[in-house]
Number of protein chains: 2
Amino acid sequence: MTIGIVGLGLIGGSMAKAIKNRTSHTVFGCDINAETMTMARISGAIDGELNPDTLPQCDVVLLSIFPHATIEWVKSNAAIIAKGAIVVDLCGVKRLMVEALNPIAQENGFIYVGGHPMAGLERSGFTAAKEDLYVGASMIVTPNEHTGVTVLETLKALFLDLGFANLTFSTPEEHDRIISYTSQLAHIASSAYVKSPEAQQRRGFSAGSFRDMTRVARLDEKMWTELFMADNDFLTEELELYIGHLQQYLVALKDKDAPAMEALLKEGRELKATAGGN
Amino acid sequence: MTIGIVGLGLIGGSMAKAIKNRTSHTVFGCDINAETMTMARISGAIDGELNPDTLPQCDVVLLSIFPHATIEWVKSNAAIIAKGAIVVDLCGVKRLMVEALNPIAQENGFIYVGGHPMAGLERSGFTAAKEDLYVGASMIVTPNEHTGVTVLETLKALFLDLGFANLTFSTPEEHDRIISYTSQLAHIASSAYVKSPEAQQRRGFSAGSFRDMTRVARLDEKMWTELFMADNDFLTEELELYIGHLQQYLVALKDKDAPAMEALLKEGRELKATAGGN
């Protein structure tokens, strides 16, 4: 196949590297950063530039730029995407994307499927991208009732070839609800955590728990703001729930109520065991 | 030297394994669990049992049981600890320990120094203990004005031999203040985080940030309750500060205020950069 990739940052760059390392597909890529384009060409992550000449040749187009920029790109290029081509956006919110892109796809005769690779790093850009980023990860896709079986088979074969452990099918609503908790809330929790003045004095006084709790405070604030605003409703609910739970521990501390604290911690331990994930 | 270790769980068991693997010191150990004692003997982590016959032979005694149990153990055994022996407790709070143990040490003619190895795991017990747990970690010690230089030199040599990267000197107050943030608050934040119902539905919808955020929810609630109660004042302050910071993000979400959210995230990213730690 011929695959186009729009945006060669951590996500798109890793897709390009994975495709060139693990399959025999042709990759055309583009990025607004000229240096990234040079690096992508020299490193062999792309075979050439994705432009108005090469885009119509693409069987699959992966979109790995910010949500609103993705929508703008599809609007501008819809007319020259091949009829029957499969377009997958890789943004971290899905209701916004599906609502905007489904009508454009239908009008222009290409197929749109929402996607979200469950992998990331606290670093960004093509230099952080790596060919094994997706190994063992889950690839979420949000097909709808019009999505044909052959389209899903094509995407499944592609993503499994790139190292993904499985495809997770979801609706845009379910995706946005669960992701607001597993990913977005974690970024807020981490960002808020590092704001204690003690964080600046912690050297020699910390181990793994501080590191893990604050790792994703290193984030791209423009991208995450866009994601948070697009998932505002679910994320607000989750953040209120989290603050409410934290307040229970605060009450136990203020009351010096050891049995209450022990019960709260026991409940958390048990829920962690059933939730899994290390 | 001859070293006694009281409690052969994750911390004490790792001390025993590190000493036997990395030095030629003799180790006597004890644990209330008979199976742990058998495993410790069979695996070579101890040379023999720490008991009223062997305790008086010890040059150094490491105490790695819960805080109040540590105080009780020292009270019961103070009379048979060798004069001039160095006793180091490894509990996660230091004001409580120093206030209780310093007078007993002075009355009985042995030397007491508070300690806290900055290493841990979300698993516990002798089976989780490993000889390289302390490699690259910081060892906090809380000497006082009476602690002789030779005592500190002895401890420094011992702990560096076990793989620690350095000794961090602190007062009990400074230790308890910073640790309430870097370690204790992280355990509350993690325990509360896993309480969203979405945690039970996250499979296929999560990657590193969920895992890191909830890792230490797997904790021993009895031990952490004891630590939290002993550090109640500092921990209450830190938890209130954390909830206050989270509420700023909540306001930005509710107001759909993208510039405010971006500013909050940017501030967090910058503070994480200066705080360090990955």
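This is a predicted model: local features need pLDDT of at least 70, side-chain atom pairs count only at pLDDT 80 or more; totals for chains, interfaces and linings use all residues.
Chain A has 10 helices and eight strands. Its C-alpha atoms fill a box of roughly 70 × 40 × 30 Å along the principal axes. Chain A has 278 residues, and 58% of them count as buried. When contacts in chain A with a separation of 6 or more are considered, 74% of them join residues 24 or more positions apart.

How are chain A and chain B related?

Is A:Thr236 buried or exposed? With a relative accessibility of 10%, A:Thr236 counts as buried. Setting aside neighbours within four places in sequence, A:Thr236 is in contact with B:Leu250, B:Leu253 and B:Lys254.

Not counting residues up to four places away in sequence, B:Leu239 touches A:Leu246, A:Tyr249, A:Leu250 and A:Leu253, together with B:Leu185 and B:Ile188 of chain B. In soluble globular proteins, nonpolar side chains tend to be buried together. The largest nonpolar core here has 60 residues, and the members that touch the most others are A:Tyr242, B:Leu239 and B:Tyr242.

Helix H6 of chain B can be described by its span, its bend and its cover. H6(B) has 22 residues and reaches 30 Å from its first C-alpha to its last, close to the 32 Å expected at 1.5 Å a residue. Where is the kink in H6(B) centred? The kink is centred on B:Ser180 and amounts to about 50°. H6(B) is mostly covered, with 19 of its 22 residues buried.

The charged residues come next. Side chains of opposite charge can pair when their charged atoms come close. Over all chains, the structure holds 32 salt bridges. In one of them, the side chains of A:Arg215 and A:Glu122 meet, with 2.8 Å from N to O. A:Arg215 lies in the loop between helix H7 (208-214) and helix H8 (221-230) of chain A, and A:Glu122 in the loop between strand S6 (111-117) and strand S7 (138-142) of that chain, so the pair ties together parts that are 93 residues apart in sequence. A:Arg215 counts as buried at 13% relative accessibility, and A:Glu122 counts as buried at 16%.

Another salt bridge is formed by A:Glu267 and B:Lys195, whose closest N and O atoms are 3.0 Å apart. Because A:Glu267 lies in helix H10 (residues 258-275) of chain A and B:Lys195 in the loop between helix H6 (172-193) and helix H7 (208-214) of chain B, the pair joins two chains. A:Glu267 is partly exposed, with a relative accessible area of 36%, whereas B:Lys195 counts as buried at 8% relative accessibility.

In chain B, the side chains of B:Arg95 and B:Asp231 meet in a salt bridge of 2.7 Å, N to O. B:Arg95 belongs to helix H4 (residues 95-108) of chain B, while B:Asp231 sits in the loop between helix H8 (221-230) and helix H9 (232-254) of chain B, so this pair ties together parts 136 residues apart in sequence. Both B:Arg95 and B:Asp231 are buried. In chain A, a network of salt bridges links A:Arg95, A:Asp176, A:Asp231 and A:Asp233.

B:Arg41 is partly exposed, with a relative accessible area of 45%. Which residues does B:Arg41 touch, not counting residues up to four places away in sequence? They are B:Ile46 and B:Glu49. B:Phe28 is 13 residues from B:Arg41 along the chain, and the C-alpha atoms of these two residues are separated by 9.7 Å.

Conventions:
Residues are numbered from 1 along each chain as its sequence is written. Chains are lettered from A and ligands numbered from 1 in the order in which they are written. Side-chain values use heavy atoms; hydrogens and water are left out. A salt bridge is a side-chain nitrogen of Lys or Arg within 4 Å of a carboxyl oxygen of Asp or Glu. Helices (H or I, at least four residues) and strands (E, at least two) are DSSP runs, numbered from the N terminus. Buried means under 20% relative accessible area, exposed over 50%, partly exposed in between (1.4 Å probe, protein chains only). A nonpolar core is a set of buried Ala, Val, Leu, Ile, Met, Phe, Trp, Tyr and Cys residues joined through side-chain atoms within 4.5 Å. Contact means heavy atoms within 4.5 Å. The expected span of a helix is 1.5 Å times one less than its number of residues. The bend at a residue is the angle between axes fitted to the seven residues ending there and the seven starting there.
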